[in-house]
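Please read it alongside the sequence and the model.

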Amino acid sequence: MLAKHPILARLLVVVMTGCVLLAVPRLSAANPTPDNRPYVKYYVVAAQFQGQPENLTDIAWRLLGSGERSDEIYHLNTGRVQPDGLRLTDPGVLTAGWYLVLPWDAAGEGVKYGQLPPAPAPTRTARPGGTTKPGGTPKPSGSPSPAASPTRGSPGPGATGGTQKCTAAAGSSSRSDWAQLRMAADSAWTLTRGNGVKIAVVDTGVDASLQQLSGRVAVGADVTVGNGRGDTDCVGSGTAMAGIIAADSSVDGSPVGIAPDATILPVRMVGSGAARAADAATAIEVAVSAGASVVALGSHVDLAAPAVAASLTTALNHDVLVVAGAPTKPAPLPSPGTGAAGGALLLTGGVGPADQFADEYLEGTVEVVAPGVDVASLGTGGRVTGRTGTGLAVAFVAGQAALIRAAEPDLTAAQVKERILGTADPLGGQDPHPAFGAGMINLATSVAGALDNKGPVSTGQEGRGSGAAIIVLLGLALVCGVGVVFGLRMRRRRFAG
């Protein structure tokens, strides 16, 4: 708007700067920066209660009147960084000194009300030392009961029948860091690293034993067996997605994730066999019930399946952003619009360093693109390899969504989607492009909120709005100018007296 009036813009900046300089001393003395952390009911975990280790079930009995409500406490706290830098990722593990956010109706001895202390930087330890194991373990909705942590390289309890044969996912021994360099995630980390956001990865599970993912992966679920956990992965594609989203730099040379402080909720819907639409649909519902605000669908999910479409509707009605790969074959597809509660579906395409596609997407279906060709990420055993696939692009976009939701938690999923599309870098000389959609995602711009107003074609009313805005700005400048002059005169009189 002011681009057409450069002199006015410069004058306004000078005058407003003077106003700020006059106001800063008084504001800093009498009005410190407000603390926007919310007031909540919470409980501080003790080392013991009546001689027994603390556990979620007993806490729910005492403060909520029912042990079955332990899942509510779990969902309110999973993924949030605790005072010791760790996070609640296993419902069967608590540590003395942790702050547990409670439902609104909690009451009883130990219930406090106020602001939680600022979260420290998370540590890289997967499980805290000296933890207290509960006598009875709660089973939150959508999360299986905890089991023994799997050993590296073993199928673990999440494998079907314990006999699943691990096979390596397709990957190249060579690697290129072009994707991470182009994304430049660290440019967004001054504002947010995704803390407090839970991202469900619906794919082959995630190997939580990897050092790069330590402390960032919840127990999750394995819907292929009904009562397994999702924090193991014999195939590797789910682990690759999780690495792009939330890996840290604990191992030299490993690529760092887009949102390294986010929490991954792994939901396995396919193992070494063929994927089933019913399992994919169940996995989406489990992710929503477990409190994920972003759901990243791997390439094994068939959006055209009626069962999957029904589960997507459920997700969209819970303010969830579902990120999925754009389709490659004609079929009835759910609308990528928004749900009743502000949820949204975002169709993503994968591209390479020369903007070549990772797959043959149907023209007009791609809404935004992200790296998906020759992308460096984690594999089984923690080895970093180059991979190609749409699921990798989905992971980049899901990580970006976590950054935005952490920086601006009041935004709905639909608004997060709008932010992603509105800040993308156009490709192909058109905006939007029939093949590239809005273009390549831009992490730093999306977090900063520098939205491009890509509205409809001008209707001739914009000039009136711009003129009114200029008049208002001139009025503000005049008021501030008078304030500056008055303030300077008062200071001179004070010093002269």
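The protein has 11 helices and 12 strands, where helices (H or I, at least four residues) and strands (E, at least two) are DSSP runs numbered from the N terminus. The model is predicted: local features need pLDDT of at least 70, side-chain atom pairs count only at pLDDT 80 or more, and totals for chains, interfaces and linings use all residues. Residues are numbered from 1 along each chain as its sequence is written, and side-chain values use heavy atoms, with hydrogens and water left out.

**Overall composition**
- Of the 497 residues of the protein, 48% count as buried, that is, under 20% relative accessible area with a 1.4 Å probe and protein chains only.
- Among contacts (heavy atoms within 4.5 Å) with a separation of 6 or more, 72% involve residues 24 or more positions apart.

**The sheet**
- An open sheet is formed by 7 strands in the order β5-β6-β4-β7-β8-β9-β10, with parallel pairing; two strands pair if DSSP finds at least two bridges between them.
- β5 (221-222) and β10 (368-371) each have a single partner strand and stand at the edges, so one side of each lacks a neighbour in the sheet.
- β5 runs parallel to β6 (residues 263-268) and is joined to β6 by 2 bridges; Ala 221 has Val 267 of β6 as its bridge partner.

**Helix α8 and its crossing with α9**
- Helix α8 lies across β4 (198-203), β7 (294-297), β8 (321-325), β9 (344-351) and β10, and runs at about 160° to β8.
- The axes of α8 (residues 390-407) and α9 (residues 413-422) come within 10 Å and cross at roughly 115°; axes are lines fitted to C-alpha atoms, for helices over the stretch in contact, and angles run from 0 to 180 degrees between N-to-C directions.
- From α8, the contact is made by Val 397, Gln 400, Ala 401, Ile 404 and Arg 405, and from α9 by Ala 413, Val 416, Arg 419 and Ile 420.

**Surroundings of α9**
- Helix α9 is largely enclosed by the rest of the structure, because 7 of its 10 residues are buried.
- These buried residues are Ala 413, Ala 414, Val 416, Lys 417, Arg 419, Ile 420 and Gly 422.
- The buried residues of α9 pack against β8, β9, β10, α8 and α10 (443-448).

Notes:
Buried means under 20% relative accessible area, exposed over 50%, partly exposed in between (1.4 Å probe, protein chains only).
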